[in-house]
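The sequence and structure come first.

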Amino acid sequence: LPPPLRRQALFSDGFMCMLRQRHPALRGGLTLRKYLALRHVVVAPFGAPGSIVDTELAKGGKQRRVALRVPHFLVAPLVVSESNLISTAPERLARRLADAHPIRLLPPPLALPSFTLSQVWHARLDSDPAHAWLRSVVADLASTL
């Protein structure tokens, strides 16, 4: 981050694949070959291609078939639950979404690095009492996840 910005790590997370219940790909497990053959829903908040998944696949000279880009992670399980598309999402979020949608979760068939979710603020807010309070509330809530 540029020098005037501060960062506080909140938690680390990995990834899970979301598929609809009774998806044909569930038979026999999710192999890399199946994963690459399936059509994917990709969360792209700004509409741009690329992600951690695409970067890791490219290292092995592989590419997934992106059928749809959606702007939010909350849209992906709706699409997945009503189609034969697959989506790869942060694990903590995917587990919560699986409680509310008819989807199944499987580990990705490739090694994906974990990532850290952080809160970021400008240094001028370091000693602002209200901002410091909000940061502490966010950090406390994140520590319970």
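Which residue forms a salt bridge with E91? The partner is R95, with the closest N and O atoms 2.8 Å apart.

## Basis

This is a predicted model, in which local features need pLDDT of at least 70, side-chain atom pairs count only at pLDDT 80 or more, and totals for chains, interfaces and linings use all residues. Residues are numbered from 1 along each chain as its sequence is written, and side-chain values use heavy atoms, with hydrogens and water left out.

## Salt bridges

A salt bridge is a side-chain nitrogen of Lys or Arg within 4 Å of a carboxyl oxygen of Asp or Glu. The count by this rule is four. E91 and R95 both belong to helix α4 (residues 91-100), four residues apart, about one turn of the helix; helices (H or I, at least four residues) and strands (E, at least two) are DSSP runs, numbered from the N terminus. E56 and K59 also meet in a salt bridge, at 3.0 Å, N to O.

R6 pairs with D126 at 2.9 Å, N to O. This pair links distant parts of the chain, 120 residues apart: R6 is in strand β1, and D126 is in the loop between β7 (115-122) and α5 (129-143).

## Buried cysteine

C17 sits in strand β2 (residues 15-20). C17 has a relative accessible area of 0%, so it counts as buried (under 20%; exposed is over 50%, partly exposed in between; 1.4 Å probe, protein chains only). Its contacts (heavy atoms within 4.5 Å) include L30, Y35 and I86, not counting residues up to four places away in sequence.
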